[in-house]
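Work through the exercises below with the model open. Try each task before reading its solution.

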2 protein chains.
Amino acid sequence: MTDTLSLSLAEIAVLLGEGKLKARHLVEAAIANHERFGGKLMAYSQWAPAHARQCADAADAAFAAGSRAGPLQGIPTSIKDLFAVSGFATFAGSPKRLPAKFEIDGPVVAALRRQLASVMGKTHMVEFAFGGSGQNAHYGSRYNPWDAKAHRSPGGSSSGAGVSLCEGSALLAFGSDTAASVRLPAAMTGNAGLKITKERWSTEGIVPLSFTFDTSGILTRSMADAAFAFAAIDPYLGDSFAFMRRVPTSVDGIRIGLADSWFWDDCENGIADVVRAAIEKLTRAGAVLKEMPLPEAREAYAVFCEGGVSAIELRAFLDRELPDWLATIDPVNAPALKNAENLSAREYLSRRLRLQAATQSAATRFDDIDVIATPTVMFTPHVLAEETGAEKFWARNRKIVHNLVPA
Amino acid sequence: MTDTLSLSLAEIAVLLGEGKLKARHLVEAAIANHERFGGKLMAYSQWAPAHARQCADAADAAFAAGSRAGPLQGIPTSIKDLFAVSGFATFAGSPKRLPAKFEIDGPVVAALRRQLASVMGKTHMVEFAFGGSGQNAHYGSRYNPWDAKAHRSPGGSSSGAGVSLCEGSALLAFGSDTAASVRLPAAMTGNAGLKITKERWSTEGIVPLSFTFDTSGILTRSMADAAFAFAAIDPYLGDSFAFMRRVPTSVDGIRIGLADSWFWDDCENGIADVVRAAIEKLTRAGAVLKEMPLPEAREAYAVFCEGGVSAIELRAFLDRELPDWLATIDPVNAPALKNAENLSAREYLSRRLRLQAATQSAATRFDDIDVIATPTVMFTPHVLAEETGAEKFWARNRKIVHNLVPA
């Protein structure tokens, strides 16, 4: 069984479709993995093995009847608690269950369930997705599975999502990404993370943090899995199998923009060397490398460091929809939400316009290149006890999201 | 020639296509009309007969060569000065020419020019489209062509657009509509006005007032013309002629929602009677009438009266892009742009969220009806001298946009 779980999503989907593998067997293996590691790792806020077995049996019954509901039929999947998932409570990392209107499936979750994926449960997260360290004062912070001794950050805010992949209880994890919240935990747990382009996937049915920047996203064990799952959910692409056949198998001629020194200079612990070596490998395989100055990233990061737009947008949402939640807000987040009261609309809109201008300018850089290559996180996952208090916490947060915020 | 100008756009387009009418003849008739009435009405800030003749000759040459560039080929058209139109300066109703980046055609103007419409010139407007009365301290306010004696408002902010149709110098007029700026001048000059659904037509190439609410729109002499021109520009519909064939010729079974008393109670000068009579005529022709309470309109109007979001969004735009224009801003608008400095981001976002909730709630009302019927403006066009000073001006403005802001 462990061998089966190490196959790609596309390979597993083929085996399921041919009847050579049962969705129920996959789910049992995922449950066994969670039972082995979950007590320490605590990836899930709501772990739902009985529900997962029901999903798997439904997928198997459909396979037996010759029904193909979609490429993710029978795939064990975890979902961040920021998403409404009917049949589950939504806490969004807060101590109190949110009202029922936050439990109605949005289009992304609906697409997943229509395909008869096996939902393993809802994963832990930073309260209201506000912060990148994976901290949560109400439920404790998740462990990074790569260090059994020190309590290192698994990244956040989708802090349980990457962990669920590492422990083998899910082969696909849904997260949300406003400033970094999919890509950061993916990088810190050794997985692939995909932030979806704004407006491409609906954010309906996802508790908002910043309506300006919220997107959904997926974490997978490989980029090939990310491509497969992306096509399965995306409303604009066709069938995932057909999409995978269209993905180029060679990097020949792919134009890589090498981001400027701002993205590299502070890299710790050999990270820059590893990333440079990977890029060199790609160029030896035929990719073309171009220097790519990206001053827009500095501007976007400057706006973020001045306070950005998320704190006030979250505050406005809580004021309107969940005022009772403000009293219990995580102490590391409370000061930012309180300080947001002093922000003028003029300054807020000035930040929005600066970001808009940077976005438009950066978009033109893709005229000459296909992708921009940068390290994802400049630092190896830190021990969580190292920062205490909101101020130290946010100083660390600014460091770990440095290369992620601009996107 | 005058007879030809009284035909519908679809009829004229057929005649042009069959070679029975020359675009140049249409443009000469339009120029003659402007020369007759333009001195008093002053619909245009940039009147361009030489350019219009060039456009018409190009359209005729294309017709002669058998080329059909689009349904608006050869149609005399006016464009509000808020739009960038290459070859024309953009002032946006301000006393100084805007930088060159505001003179690059956006998608709507590009679509119009690709079809070889005859551009007659740029029409006058309220400075930066901020206000509904049609006032402009820099250039004087336009006249309403329906009263030769008193200086009555033609509506705004697209104040020259409706006038250009009335004087017969254009058969189609482009405007923009943030709170009322197409529908109000259309109603006040006896034309049809169409505010385009937000996001349906790009606002690129249009100087922004409120990025939250800005839309483009068209003014035409009839609803049939509006349907024809809408299809010609709209990126989602097919050919205008095919679209016109799909438009139902009967109102049989059309479900009209009769808006509640909030939209009717303050109507002056028999306006309510006229609108009710028109609705009754439709019901006698087979339309079905339903009462339609619309409390969301009250909420949207309340947000508008509390200060709305346009003033601060315009201020933020001017701060960033056109700071030198603030010193010369129209005196009736200056206080609102100054007061916007005191608005907190929290209050601004609270207004945005209230409007968003009202929008979502109102959208569900169209489950049971096809259209909502209300008077457009509750008042007949006022004499412009009647209000002096910003306070009286804005009190009037709140009255005339009452039924328009909620949409």
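**Exercise 1. A salt bridge within chain B**

With which residue does B:Lys101 form a salt bridge?

Solution. Some conventions come first. This is a predicted model, in which local features need pLDDT of at least 70 and side-chain atom pairs count only at pLDDT 80 or more, while totals for chains, interfaces and linings use all residues. Residues are numbered from 1 along each chain as its sequence is written, chains are lettered from A and ligands numbered from 1 in the order in which they are written, and side-chain values use heavy atoms, with hydrogens and water left out.

Step 1. Apply the rule: a salt bridge is a side-chain nitrogen of Lys or Arg within 4 Å of a carboxyl oxygen of Asp or Glu.

Step 2. Find the partner. B:Lys101 forms a salt bridge with B:Glu321, and the closest N and O atoms are 2.7 Å apart.

Step 3. B:Lys101 lies in the loop between strand 2 (76-80) and helix 5 of chain B, and B:Glu321 in helix 12 of chain B, so the pair ties together parts that are 220 residues apart in sequence. Helices (H or I, at least four residues) and strands (E, at least two) are DSSP runs, numbered from the N terminus.

Step 4. Check accessibility. Buried means under 20% relative accessible area, exposed over 50%, partly exposed in between (1.4 Å probe, protein chains only). B:Lys101 is exposed at 52%. B:Glu321 is partly exposed at 27%.

**Exercise 2. The contact between the chains**

Describe how chain A and chain B are related and how they meet.

Solution. Step 1. Superpose the copies by least squares on the C-alpha atoms of residues with pLDDT of at least 70 in both. A rotation of 180 degrees, with 0.0 Å of shift along its axis, brings chain A onto chain B at an RMSD of 0.0 Å. That is the relation of a two-fold axis.

Step 1. Compare the surfaces. Contact means heavy atoms within 4.5 Å. Chain A gives 19 residues and chain B gives 19 residues. Of the interface residues of chain A, 100% are also interface residues in chain B, so the copies meet through the same surface.

Step 2. Take the area. Buried area is the accessible area (1.4 Å probe) that two parts lose on being put together, summed over both. Here about 1,800 Å² is buried, and carbon and sulfur atoms give 69% of this. In chain A, A:Arg320, A:Arg346 and A:Leu349 lose the most area to chain B, together 34% of what that side buries.

Step 3. Look for charge pairs. The rule finds 4 salt bridges across the interface. B:Asp319 forms a salt bridge with A:Arg346, with closest N and O atoms 2.7 Å apart. B:Asp319 is partly exposed at 24%, and A:Arg346 is partly exposed at 29%.

Step 4. Trace the network. Salt bridges link A:Arg315, A:Asp319, A:Lys338, A:Glu341 and B:Arg346.

**Exercise 3. The sheet of chain A**

What is the strand order in the open sheet of 6 strands?

Solution. Step 1. Write the order: 1-3-2-4-6-5 in chain A, with mixed pairing. Two strands pair if DSSP finds at least two bridges between them.

Step 1. The twist averages 25 degrees from one strand to the next.

Step 2. Take one pair. Strand 2 (residues 76-80) and strand 3 (residues 118-123) of chain A run parallel over 5 bridges. A:Pro76 stands opposite A:Ser118.

Definitions and conventions:
Axes are lines fitted to C-alpha atoms, for helices over the stretch in contact, and angles run from 0 to 180 degrees between N-to-C directions.
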